[in-house]
Amino acid sequence: MSYARTKEHVDLAHEILKANGIARDNLPYSDEFIEIHIEFCNRAQLAPADYPKYNDFWKLLCSAAKKGGLAREPKVTTEE
């Protein structure tokens, strides 16, 4: 079965990205990507057969990031 992205799933992915403070572009092939995928599937209450494949989940995260509001605060460095 193919994963069907919904507006609710995009909103949930956006919420998860924002709450975790992780830049989307840093996610592919990282442990955080797997953790966020698992969190998303659990919070969306998807049956295992309905879990999005990683490539579909990446597309969902890209859509969620387009909603904006995910910019991270620049790191402050102190020079001595």
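A salt bridge (a side-chain nitrogen of Lys or Arg within 4 Å of a carboxyl oxygen of Asp or Glu) joins Glu39 to Arg43, with 3.1 Å between the closest N and O atoms. The model is a predicted one, in which local features need pLDDT of at least 70 and side-chain atom pairs count only at pLDDT 80 or more, whereas totals for chains, interfaces and linings use all residues. Residues are numbered from 1 along each chain as its sequence is written, and side-chain values use heavy atoms, with hydrogens and water left out.

Both Glu39 and Arg43 belong to helix 2, where four residues, about one turn of the helix, separate them. Helices (H or I, at least four residues) and strands (E, at least two) are DSSP runs, numbered from the N terminus. Arg43 also meets Glu15 in a salt bridge, at 2.2 Å from N to O. This pair links distant parts of the chain, since Arg43 is in helix 2 and Glu15 in helix 1, 28 residues apart. Side chains of opposite charge can pair when their charged atoms come close.

Accessibility was classed as buried (under 20% relative accessible area), exposed (over 50%) or partly exposed (in between), with a 1.4 Å probe and protein chains only. Arg43 is partly exposed because its relative accessible area is 37%. Glu15, at 42%, is partly exposed, and Glu39, at 26%, is partly exposed.

The search of the whole structure finds three salt bridges. One of them pairs Asp11 with Lys7, the closest N and O atoms lying 2.8 Å apart. Asp11 and Lys7 are both in helix 1, four residues apart. Lys7 counts as exposed because its relative accessibility is 59%, while Asp11 counts as partly exposed at 27%.

His37 lies in helix 2, which spans residues 31-43. His37 counts as buried because its relative accessibility is 7%. Apart from neighbours within four places in sequence, His37 is in contact (heavy atoms within 4.5 Å) with Tyr51, Pro52, Tyr54 and Phe57. Ile22 is found in the loop between helix 1 (7-20) and helix 2, and is partly exposed at 23% relative accessibility.

The protein chain as a whole contains three helices and zero strands. Of its 80 residues, 29% count as buried. Among contacts between residues at least 6 apart in sequence, 66% join residues at least 24 apart.
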